[in-house]
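Visitor: Please walk me through this model, pocket by pocket and then across the surface.

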Amino acid sequence: MSAPADPSAPPTTAEAPRRRGPARRLAVPAGVLAATVAAFAYVGTVDPNEPGHYPACPLLAHAGIWCPGCGGLRSAHAVWHGELATALHANALAVAGYALFAVGWLVWVVCAARGRPVRFSPSRAHAWAAGVVLACFSVARNMPQGGWLHP
C-alpha cells in the first residue's frame, strides 16, 4: 500500500487545475474576454469605414484581390453596434469566426469552472478543411458572381 500524497507537495500537472480555486481557474479566460472586449470596443469606437484609421490590406492594395480577412474590421465594427446584416455583408467568414470564438470561450469557461482541462486537438483533416474553407471563400469573393461577398 502506498503512502497518501503530501498535501503540502506541489500538485502534479493533472491535479493542478482541480486544486486551484474557481476564481483562479477563471482568471485567464476572464483576461482573454477583457482583451477581446477591449479590441472590439476600440474598433467599435474608431470607425474602419473612414480612411486613415487603419492600414489597408496589402493584398488588396497591391494585387487588387480581396483576402479572407478583408472587411473583418468593418464587420467587427458592425457587430459592436449590433448591425448583424452589415457585419455579414462586410465579412461573413469573420462573423462566423467571432461566433466560433464565443463558443470556444464558453467551453473553456465551463471546463475551467469545473476544474477540467480543455482538450482541443484538431486533426490534420480539420486543418485542411479550414484551409479549404478560407481558399473557397477567397476565390468566391474575387469571382464576378461573388460581388455580394465584397466588403
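Visitor: Which helix gives the most to the lining of the largest pocket?

Guide: This is a predicted model, where local features need pLDDT of at least 70, side-chain atom pairs count only at pLDDT 80 or more, and totals for chains, interfaces and linings use all residues. Residues are numbered from 1 along each chain as its sequence is written, and side-chain values use heavy atoms, without hydrogens and water. Helices are DSSP runs of H or I with at least four residues, strands are runs of E with at least two, and both are numbered from the N terminus. With 3 residues in the lining, the top contributor is helix 5.

Visitor: How much space lies in the largest pocket?

Guide: A pocket is an open set of points on a 1 Å grid over the protein atoms alone, where a 1.4 Å probe fits, with protein on both sides within 12 Å along at least five of seven lines; lining residues have an atom within 4 Å of a point. Grid points are joined across faces, edges and corners, and a volume is the space filled by probe spheres set on them. For the largest pocket that gives about 360 Å³.

Visitor: Which residues are closest to the centre of the largest pocket?

Guide: The lining holds 18 residues. Helix 4 (58-63) and helix 5 (72-80) are the elements that give two or more of them. Closest to the centre are P55, A56, C57, L73 and R74.

Visitor: How many charged residues are in the lining of the largest pocket?

Guide: Ala, Val, Leu, Ile, Met, Phe, Trp, Tyr, Cys and Pro count as nonpolar, Asp, Glu, Lys and Arg as charged, and the others, Gly among them, as polar. The lining has 10 nonpolar and 6 polar residues. Its charged residues number 2.

Visitor: Which helix has the largest share of the lining of the second largest pocket?

Guide: This pocket holds about 270 Å³ of space. Its lining includes V32, L100, W105 and F120. By class, the lining has 10 nonpolar, 1 polar and 1 charged residues. The largest share, 7 residues, comes from helix 6 (residues 84-114).

Visitor: Is W148 buried or exposed?

Guide: W148 lies in the segment after helix 7 (124-142). Buried means under 20% relative accessible area, exposed over 50%, partly exposed in between (1.4 Å probe, protein chains only). At a relative accessible area of 62%, W148 is exposed.

Visitor: How far apart in space are A140 and W66, C-alpha to C-alpha?

Guide: A140 sits in helix 7. At 30% relative accessibility, A140 is partly exposed. A140 and W66 are 74 residues apart in sequence, yet C-alpha to C-alpha they are separated by 9.8 Å.

Visitor: How many helices does the protein chain have?

Guide: From the N terminus on, the elements run α-α-α-α-α-α-α. The chain has 0 strands. The helix count is 7.
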